[in-house]
Amino acid sequence: MLANGAALGYKETKEGASYTDLAGLKEIPEIGSDPEKVENTTLKDKVKQYEMGIGDPGDMVYKFKYDNSAAGSSYRKFREMEASKKTYYFEETDPDGTKIEFAAQPSVKRTGGGVNVIEFDVTMALQSELTFTDPA
């Protein structure tokens, strides 16, 4: 499946309001987690026993086209979110209709420039579990 058509929206409160799309999304991150392997061997076991602990989704980094030409630009919105240090609510919508919701505190880093275009990265510090809604 191509990633073309994927979108990322945000809202300030968990309940009520609908998500507002953030313009200029260029790349979506890997989504999922790598659970910690926890050793839980008893004295009767002949080999070490393990169970899966809590998951670590790692760095979730979204890449955007850099545009700082208007007050409503995604770059300015993310900078405002970062400065507020508040938790925001996000919804990634994939081309097949899959929706992934999560709460996070975003941080912004503009990439360097050169021959190619300038972009900016948004790293999400998760504040909730990932909630998946499959397409109908």
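Hi everyone. By a salt bridge I'll mean a side-chain nitrogen of Lys or Arg within 4 Å of a carboxyl oxygen of Asp or Glu. Please keep in mind that what we're looking at is a predicted model. With that cut-off, searching the whole structure turns up five salt bridges.

Let's start with E12 and K86, whose side chains pair at 3.4 Å, N to O. E12 sits in the loop between β1 (7-11) and β2 (20-21), and K86 in the loop between α1 (74-84) and β7 (88-93), so this bridge links parts that are 74 residues apart in sequence. How exposed are these two? E12 is partly exposed, at 48% relative accessibility, and K86 is partly exposed too, at 39%.

Next up, K63 and E119, which form a salt bridge at 3.7 Å, N to O. Here the partners come from strands: K63 from β6 (residues 60-65) and E119 from β9 (residues 119-126), so the pair ties together parts 56 residues apart in sequence. Are they buried or exposed? Both K63 and E119 are buried.

Then there's E91 with K99, at 4.0 Å, N to O. E91 counts as buried because its relative accessibility is 14%, and buried means under 20%. K99, at 30%, is partly exposed. As for shared partners, salt bridges join K26, K63, E119 and D121 into one network.

Finally, have a look at the surface, where E30, D34, E36, D56 and D59 gather in a patch of negative charge. One of them, E36, is placed in the loop between β3 (25-27) and β4 (37-39), and is partly exposed at 49% relative accessibility.

Methods:
Residues numbered from 1 in each chain as written. Predicted model: local features only at pLDDT ≥ 70, side-chain atom pairs only at ≥ 80, totals over all residues. Heavy atoms only, no water. Patch = residues over 30% accessible without salt bridge, like charges linked within 9 Å, V, L, I, M, F, W, Y side chains within 5 Å. Areas by Shrake-Rupley, 256 points an atom, 1.4 Å probe, with all protein chains shown as cover. Lys, Arg positive; Asp, Glu negative; His and termini not counted. Charge placed at Lys NZ, Arg CZ, Asp CG, Glu CD. Helix = DSSP H or I, 4+ residues; strand = E, 2+ residues; numbered from the N terminus. Buried < 20%, exposed > 50% of the residue type's maximum accessible area, 1.4 Å probe, protein only.
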